[in-house]
Amino acid sequence: MDYITSIKPLLTVLVSLAVIPFLIVTSKKPNIRESCTFIAGGVKFLLVLSMLPAILAGNKIVFNMFEIASGVSIAFKVDGLGMLFAIVASSLWIVTSMYSIGYMRTLNEHGQTRYYCFFALAIFATIGVAFSANLLTLYLFYEILSLATYPLVTHHQDKKSRISGRRYLIFILGTSIALVLPAMLYCYHITGTLDFSIHGIFASGQISKPALTVVLLMFVFGFAKAGLMPFHSWLPAAMVAPTPVSALLHAVAVVKVGVFSIVRVIVCIFGIDLLASFNLGVVVASLASITIIVSSCIAMSQDELKRRLAFSTVSQLSYIILGVALLTPQGQLGGIIHIVMHAFGKITLFFCAGAIFVATGKKYISQMKGLGKQMPITFAAFFIGALGVIGLPPTGGFFSKWFILIGTIESTQKLFLIVLLLSSFLNAFYFLPIIYQAFFSKDEKEQNLPVQIKEAPLFCVIPIVITAIISVILFFTPNVFINLIKIALGI
Amino acid sequence: MKYIGLLIVAVCGGILLSATSDFPDWGYSQSPASTYLSNHYIEKSIEETGVPNLVTSVLADYRSFDTMFETAVIFCAGLVCFLLLRNYNRQKKFFYRHISTGVVLCFKDNCKNLPASKKFEQMDADWIPHDLIIMTVCRILIPFIQIYALYVVAHGDFSPGGGFQGGVIFGSSFILLAISYNLQTAMKKIKEKILGLLSALGVLIYVGIGIICMFLGGNFLDYSQLAKILPVDPIHVRALGMLGVEIGVGIAVMAVMVVIYVNIASEGRHDEGL
Amino acid sequence: MNFFVLLFLIIGLVFFTGGAVGIIRMPDFYSRLHPAGKLDTLGILAMVLGFALFNLKTFSISELLLSIKMLLIVFFVFLSSPTATHSIVDAGIRAGLRHWTKEDKR
Amino acid sequence: MPWQIDLIVLIFVILCAITAISVKDLLSTAILFGAYSFMMCLLWAIMGAVDVAFTEASVGAGVSTVFFVAAVFNTTRRTKD
Amino acid sequence: MNTFFLYTSLYLCFLMLFSLYRAMFGPTVLDRLIGVNAIGSKTVILLLLIGFIYERVDMFIDIALAYAFLNFITVVAASRYFHKRKGLYEESTLK
Amino acid sequence: MTDFFIGIMTKYNYWLYIILMMIGLYAMIVKNNLIKKIVGMNIFQTAIILFYISIGYKTNATIPIIKNAHGDHGTGAHKLIIHAADYINPLPHVLMLTAIVVSVATFGVALALSVKIYQRYQTLEEDEIRMRLREK
Amino acid sequence: MTISEKKEFKNKSSGKPFKSILSFSLTFILMFGLWVILSGNFEPLLIFLGLFSSFLCAFFFKDLLFSDPDSDFLLIMFRFFKYIPWLIFEIIKANFHLLYLVFHPRMKDMIDPHVVVIKTGLKKEMSIVTMANSITLTPGTITINADREGVFKVHSIDKESAEALPGTMLKKTARIFGEDK
Amino acid sequence: MIKTFYPALLVIAPLLAALLCSGFSWIQKKFCYPIVLVGLAISLFSAFKLLMIVLTSGTIQYRMAGWAPPFGIEYRIDLLNAVVLLIVSAIALINLVASHKSVLQDMKEKLGAFYSVYVLFVTGLLGVVATGDLFNLYVLLEITSLTSYALIAMGDPDRSPIASLNYLFIGVIGASFYLLGVGYLYIMTGSLNMINVADILQNLHGSSAVLIGFIFCMLGLWIKMALFPLHIWLPNAYSYTSISVGRLIAPLMTKIMVYVMIRLMLNVFGFNYIFETLELSKVVVWIASIAIIAGGVMALAQKNVKKIFAYIIVSEIGYMVGGAWLGNQTGMTGSILHIINDAVMTFALFLVVGNITFCLKNAHLNNFKGLFSKMPWTMAGLVLAGFSIIGVPPTCGFFSKWYLILGGIEAGAYHFVGALIISSLICAILFFKIFEISFFESSIQNKQQNEHKNHDKIAGITEAPVSMLISLGLTSATLIILGVYSDSIVKNIITPFLTQYKMVI
């Protein structure tokens, strides 16, 4: 356990910020602009990877920028959790960039430079959250992310996106200002520090149970990006955004940032021991389970593919929270590794939805009858992604579900076991019909049409294939991530 | 509104009245206000500044910085009135009256404002015949008022008065001229440009004296430094410094008063006024 | 000396009293002007003369100058007061104020 | 200075003030305001503040009232209260 | 002598009340003007009297002198209003 | 009760200044006419000046100009024996000279503003102005 | 406007340097005398200041006080001073009359205000003004208006004062300014 | 004592510039602008110098006219002064540069007078900040007020004179109340120098006259700074001005009043007197909380952007007053930090409004449609300033809010904390309303409307002039810089200052 001071975390964070001027300058030449994005993504990913060995060796990389208040500074610290999240986010940025090229160019969207800029900004904030060393830094990047996503959500600038943008802001910004900020300041007031520490920052007896409950709930609901009910409804609304945005942000970056923050708070601010001693994990876990069941049920009734995926996301995010809130090592391991597994699975699904839209212009599941034959690659990938999300082998999703199950068994509350099993069934129930319809049923109207539907453009298909393959690979080699989590949690 | 006003007034008055019981009696000579600082001013100021009028010595020396800004306030008021009211859209009509015959000529449109001659005089739109008695008496009185005003400025050290009072009286002599004759006559005597320059010049004299003191190595407005360039001893040079300052105040105040009057009386058109 | 001073002052006061009473008693604006404009002027004259005499009790150049200064007041008042009265009455005429006549009494 | 004159003049001042704000004609207000200023000047003189009295005399009589009349001249005399 | 001056000044204050009455209740503006003019002339004397009571008349005379000038200006200015705008009750109509 | 009256007797100046000030404040709040308000403002300011001058006053003291020191510019400083109790406190006078100047300046500016307002609205009544504004 | 008229405008009142200098010096002397009376202090600095301010006044306002100085200026002054005592006497005499009126219980019966028009032959400004002010000062009468032709409109409080009016006062005034021919 | 002439130069340079400018406006108009520019630059330079000197060698005392403090007037520059001076002079200078073009447009013949009044206003502000004398403060306050009346009246010819006159009345009441309070202090202490009065007041804590004096000083200042129930003058006055004036007055005037309040609280009356003898603080914090909410709510109802911002200022005043009256060091730190930050924030906001009105001639919300694409740089500034006001982390607004909330928690004033958070939310709603309007609605439908209605007005919009943009960029950058360095500001300036005046518990 060494602390290595290095500027790498800062560089990693800043890479995507630094690329924005280039993007603006080259806004007239799309090819150069997009290659800039690629280069930045590559550099970022390499920087993240270069830090991986040190982390795996059990060290932590820290970088202190400057103090903001006594005891609190803007600082970066790379530990296992952050590394895990950074790897996911940075690797998927590259993929998503490629996908965006295909998607945006095919649909001939307006304001592409703006799109790429804010995309880079969002990634900047995401990595910042991943590497932040204290709650304030985390909050800072969390806010930046909220604001940077707004123009992406409302990219179409029409009435519908305006309404959903409004909802997005109210939920995300409102909760973070009204709940997280006071809770954070209250913690700071009591402890005098906000630095993450594996055992929590509260000394024993520093805080009473009612106060702790209130603060915990403020945090859990305050990080509304995690989509815990009743603060979930921004996520389906945000699906008006272009699909790459939905894919990266609303399957990976933004929502995972919310979950990641909650994990950080539970693990590194309160500490597992403190929560366990007050028996507060159950509260969070039950909240998460309610969300899981309810949102799965809602997801089944959705006809628009992206909305169904969104509700699925809401449900899956709560898995992570549930896993962590079980406060058992295996549960936490499962919860956290679900960040990775779900990311690859869900992004594949979103990419597929986008690809279908690009190729056919169809959004609704009921219109997709028989599409499987025309777009076999897309739907195959969709199948793999669905498996990953449901948690069936041969995808990585299996592991996360597995560890969480073990965690529930370890914990005293057996009720959550039932929740898990039930929800897995529900997952299967809302994903598999789509695939069935696509491959085995026929749409009479479609065949009458003269236009033959083809696969989406190459730039769309390649990312889908990549992510699908990765989620399969993860089934076989999840060790890197498991090790990272184990190092981080000290199991 | 009436009752709200009464309520506010009653509350404020009540609060203020409640504190009077704590005051020293009116005219009590041992109250803190009349012993703490004032004793030093009364006993020492003639030694330190050589000016018998304590008010002047405190005003123009101990608290000269205040007074500088007081002058600046006046200067500012003049500027403000100019800024608010001055209206360069001249009236399109000019009236001239042939003095001996009383025939009135009216020039319309953009003809230049002609200077008056012996035979023609310019006059207002709603012209009234000059009142001979008022005109003559004012004509006689104005130089007296002016010399009196200058006397007041110069004798600020020994008698009540000083730059401000003298300046106001001097300014009111011009106002009297404008009232008894008409505005144009007064504006011919002292033009707008001159007024603007004078009002700035007056404050400039004040500030200039301060800056000279600063250049001579003292603090700002520290008149004793003037002894380095004037052949007087350091205490009495203070009186001279005060005199200079008072002259500056007088000039500024005079100009500003006229500016304010002219602008208010003619609504900024400078053609005819009260 | 003091006798003269007192005499002057009392004469002045009498004139002032007349002026004050006149202002109240007179029936209309024009007739009010008579006591206001003139009895007061004479009152000032008398009283200032009294003051000047009183001031000259201890004779010196500066006291003399002071007395002359006081007489200057008289000079200016004599110059300005009738003019002011004239100005007011002129204003009244221009304003169209009717003057009181015997008929108004009934 | 004896307090009698002071008190009387103070009461005059208050009378003038009340009348000045309650009279229903702005020119009258201006003139009464002049009277108020005279009274104030007397009051300063009584309290021994010669310089202030001088200032008030020159300002109140020479300038302030004239400004006031000029303003009323250019606006209106009418007022509702 | 000093007490005499004091009573004189009190008496003048009393007389001032008459002028003040005219100034306060004068039926027309010009009546008020007369009242104020009268107050002014009494003020000149009162100032001198105060000077004598303080035994510093050399200081007060300046004020009295200034008053003699400036009271005149006020009166002329106020009556000038009527010189230019004829009519006591006439008002400029809304343009 | 007697204390109360003695309190008034010895401090009537302070009482009356408060009354005067409240008259001014009342006019500023209640009166509808702008010029009336300006008059109220001036009365208000004068009341404060009165307060200050009252602070400075001392019984049995003379005006704050040194006697018998008919000063000349530049000829020897007189060694006079001056008792502080003989002279009225000059400091409030100085302050109030400044305050008077300020009040005159404010008065001028306020009048200029009201003339400007009249030019535009042809009225000085506040409620009428508000009505005109609403019409627009 | 014709060209000749334009020339008229441009032709300013230059020309009489002698009168200008005379009025300047007269004003200067008068002002300086006044300064000395006012100041009562003969310190060099103050005298210098006095000279300077008298110069200022005289230089800028020479046309106000003595706009058209006569050569027999001193004579006029002399006659004027001779006139003043008489006037004061007149004033006092008439003032008592007014006092009597004011205090009379049946005052309203005694007074009979009315306006009189008097035609005099006075032409000079100064003489008209002197006459008008004298009329105003003599109680019972107030000059309402006086024009350049020497026509006076007088408001008198009762018949007596109105009837006494032109009388000796006009003669004396005319004599002062040499208009009695 | 350090021998330096900068305290005098600071105030004299702009005053001199005002005089010369006013003089030259009658002779040669084109010299006006450079003179004023140089004057303000000198005062900015000396403010900077003063800050350096104060940081290295402690408080500067400068004796005006060379008399020792209780007798003469003293200028005291300590850490707080120096920072505020720097902010004031910098904002004045930047605004001068930014408004050069619009002033040239608006005042053709009165250019010199306008600039002169402008600089006098700045002079007054600088003097108010630097002075150590209670009465001198009043005089300078009056200069500031008088000039601001004029400057405000130069705006919209329909409404600004009446707004200005109302402001004048209320301003005069405020200043007079302050003067009255000083009079009460003077009658009890006999002194006018702040430090000296504070010394004497130590023994007078029970006196009711001192209490009334304190109340009236505070009342006067609250009127001047527009604390909630006394704020009625502010929105009209600030929103009907011409913009070059508005962005000078809006950021500075109210903040300086808050500064004066803090100065009086700490330097004259002393911490013990206010928070231990009087126990008024709870009431004031409640008032401040109400002010914060009320300002926000009233801002929500407005349609004109200038008015929205004016009401936001009302709300911000609540922040600062509440923070100062919490009665602990953290709250006071937050309050002082917010003075600095809010000045810059508001300045940035009004710069943006200035740019927009320069191009649109009107700041009504309806005209904002599609501005993001037409004036991207200006709108970027607006976004940054808005985030700062909402309190989004890297901008400076967050950090002062941080201290304020922390102070509120420390003092147990949870209503204040609640008010702060609700106001943040309201600000968020407000700004995103503006962003939304300007981000959306650039669609075809609106363009068609524009062609019909005000074709020339909207269609020809381009970005504002470069000078304006540069100053906006500078200010926006300052927002971030201040945020980033807020800890060093607190550590090096505010905490030592508070320690100096025994504010550390």
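Chain H has 505 residues, and for that length a compact globule would have a radius of gyration near 23 Å; the value for chain H is 22 Å, so the two agree. This is a predicted model, so please hear every number as a computed one. Along the principal axes, the C-alpha trace of chain H spans about 75 × 60 × 40 Å. As for secondary structure, chain H has 23 helices and two strands.

Next, the domains. Chain H is divided into three of them: domain 1 covers 1-132, domain 2 covers 157-279, and domain 3 covers 283-505. I will talk about the first pair. The C-alpha centres of domain 1 and domain 2 of chain H are 22 Å apart. In terms of contacts, 26 residues of domain 1 of chain H meet 17 residues of domain 2 of chain H. Between these two domains of chain H, about 1,800 Å² is buried, with carbon and sulfur atoms giving 68% of that area.

What about charge pairing across this domain interface? Between domain 1 and domain 2 of chain H the rule finds one salt bridge. Arg263(H) and Asp78(H) form a salt bridge, with their closest N and O atoms 3.0 Å apart. Eight residue pairs are in polar contact across the interface of domain 1 and domain 2 of chain H, counting pairs with both residues at pLDDT 80 or more.

Sorted by class, the domain 1 side facing domain 2 in chain H has 16 nonpolar, six polar and four charged residues.

Now to the contact between chains. Here 61 residues of chain H touch 52 residues of chain B. The area buried between chain H and chain B is about 5,200 Å², and carbon and sulfur atoms give 76% of it.

Between chain H and chain B the count is one salt bridge. The side chains of Asp133(H) and Arg63(B) meet in a salt bridge, at 2.6 Å from N to O. Polar contacts between chain H and chain B come to nine residue pairs, again with both at pLDDT 80 or more.

Which elements of chain H build the side that touches chain B? Those giving two or more residues are α1 (6-27), β1 (60-64), β2, α5, α6 (134-153), α7 (160-189), α8 (194-201) and α9 (208-225) of chain H. The largest share, 12 residues, comes from α1(H). By class, the side of chain H that touches chain B divides into 42 nonpolar, 14 polar and five charged residues.

Chain G and chain H have no contact, and their closest C-alpha atoms are 22 Å apart. Chain A and chain C also have no contact, with their closest C-alpha atoms 70 Å apart.

Terms used
Residues numbered from 1 in each chain as written. Chains lettered and ligands numbered in written order. Heavy atoms only, no water. Domains from an automatic or database assignment. Contact = heavy atoms within 4.5 Å. Buried area = accessible area lost by both parts, 1.4 Å probe. Salt bridge = Lys/Arg side-chain N within 4 Å of Asp/Glu carboxyl O. Polar contact = N/O pair within 3.5 Å; in protein donor to acceptor, adjacent residues only side chain to side chain. Nonpolar A, V, L, I, M, F, W, Y, C, P; charged D, E, K, R; others polar. Helix = DSSP H or I, 4+ residues; strand = E, 2+ residues; numbered from the N terminus. Rg over C-alpha atoms; globule rule 2.2 N^0.38 Å.
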